[in-house]
Amino acid sequence: MAYGSNYLLHNLAVLLLLLLVQSSLARLRSENGVKTDLFLSPKFVLEPGSVSNKFYYNVDFPRGHVAIKNFNAEVVDEKGNPIPLHETYLHHWVLVRYYHRKGVDNPKQHSSDVGFHTSGHIIIKNNGVCDSGLSQYFGLGSETRRTATHVPDPYGIEVGNPEDIPDGYEEGWILNVHAIDTRGAEDKLGCTECRCDLYNVTVNEYGRVLPENYNGGLECCYDETRCRVKEGFQGVKRSLYLSYKVEYVDWDASIVPVKIYILDVTDIWTKADETRGLRAIHHCLVEYDVESCPVGVDNNGCTHTKTLTVSLPTGGDVIYGVGHQHSGGIGTTLYGEGGRLICSSNPAYGKGNEPGNEAGYIVGMSTCYPSPGSVKISAGETLTLVSNYSSSCSRGHTGVMGLFYILLADSSTKTNAVSKFPTEAHKSMIISNFGWAIALCGVALLVVFLSRGRSGRGEGYEAIV
């Protein structure tokens, strides 16, 4: 009878151990609320020298009221293989949020977004100050693969809130992918900088004659243009896609929403004049040229600096910051009043041939993740954006950019519930696992003790019971 009781208790202890393990795993699964979706853009076809710059409407994206936590993208072929920048240069990709009326035909793609803006759709811009363009929620270029984009806890980019969507409308997303095939190009850098002479272009995509002093930029490498390749070079057409991964969580009251601001160093800012009833105007040119070093100046130390002074209508805590530059960029910095450093973002250049490490290309930008509340921007504070490029190239650079992305959170928002946020599960897991480890260890010791009781002295076992 004693042996039977011993056996029964032993089995009960093992069962308890299994139940504890299963309960622990179930709890961890329920706490880890991060979801990941992987999508492909519509196909675009390129051959040596060709350009694709299309806008894809209503692309796949997580639906519902969610908080975006991360967004990564890269160009891949039909087998999912990453394409190196020295074959297909990713000039930029941008993702724009919009509302479209239910039951109304939603276009799939077009080589321009002009018609879209006049078709009754409602573009939902980020909180940046530019009056035209730069409306995107997400967007990078050649640096995509090695630039961090995650939003730290307890913050998130809120989308899909049904209270924000007008009656009769639903949310959608526009994806613009601008890719240039430089296989066999006479001048790869010139093709990526959209030098007009290499594209043999004298008018823009709307048929307007280009200014005489316009040497290169987006006006010369629009959709279906072609950059000059070496005579006799042969290369196959291939189908490519933008592969993009979105990490997100269901919206929760513990999430602190952030606002997206994009600053452009080319912004021509006309301040508001209340006495005349004039609002502030921000005419963002998006791109600019970098002149070459003056004759007689040492090329090694020749730097072109462009500066913007601007202010934001609202302020908050800086949660994230990153710059966007093209080849030749050597860093961009955002300052507050009095020269206070807010964020500095520097490019990383590749050193090899494999995707993500292509020699001569910017393959990543450094990012800023200040401790919550440690870096603030006040409403109306004067900000200074500085974009530096090397101008040692004998002919300079055309069509470069000096953008800066920042995420701001309301400074008054309390963040004392961070440990309860879904994506912080890994922290609670450590504590939880420690507690479970103690419990499981106790059960294991009980099992061992009971097992030893069967082969040891019977009175020891009887005493436990």
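A salt bridge is taken here as a side-chain nitrogen of Lys or Arg within 4 Å of a carboxyl oxygen of Asp or Glu. I worked from a predicted model.

**Entry 1: Arg145 and Glu358.** I found a salt bridge between Arg145 and Glu358, with the closest N and O atoms 3.5 Å apart. Arg145 lies in the loop between strand 8 (138-140) and strand 9 (155-159), and Glu358 in the loop between strand 20 (347-349) and strand 21 (362-365), so the pair ties together parts that are 213 residues apart in sequence. I noted that Arg145 is partly exposed, at a relative accessible area of 25%, whereas Glu358 is buried at 0%. Salt bridges with shared partners join Glu74, Arg145 and Glu358 into one network.

**Entry 2: Lys54 and Asp223.** The structure holds 16 salt bridges, and I looked up a further one, between Lys54 and Asp223, whose closest N and O atoms are 3.1 Å apart. Lys54 belongs to strand 3 (residues 51-56), while Asp223 is in the loop between helix 4 (196-199) and strand 11 (238-250), 169 residues apart. Lys54 is buried, with a relative accessible area of 17%, and Asp223 is buried as well, at 10%.

Entry 3: I traced an open sheet of 4 strands in the order 16-24-18-19, with antiparallel pairing. Strand 16 (303-311) and strand 19 (341-345) each have a single partner strand, so one side of each is left without a neighbour in the sheet. Neighbouring strands are turned by 15 degrees against each other on average, direction ignored. Strand 18 (residues 329-335) is joined to strand 19 by 4 bridges, and Leu334 has Cys343 in strand 19 as its bridge partner.

Definitions and conventions: Residues numbered from 1 in each chain as written. Predicted model: local features only at pLDDT ≥ 70, side-chain atom pairs only at ≥ 80, totals over all residues. Heavy atoms only, no water. Pairing = 2+ DSSP bridges. Helix = DSSP H or I, 4+ residues; strand = E, 2+ residues; numbered from the N terminus. Axes fitted to C-alpha atoms, helices over the stretch in contact; angles between N-to-C directions. Buried < 20%, exposed > 50% of the residue type's maximum accessible area, 1.4 Å probe, protein only.
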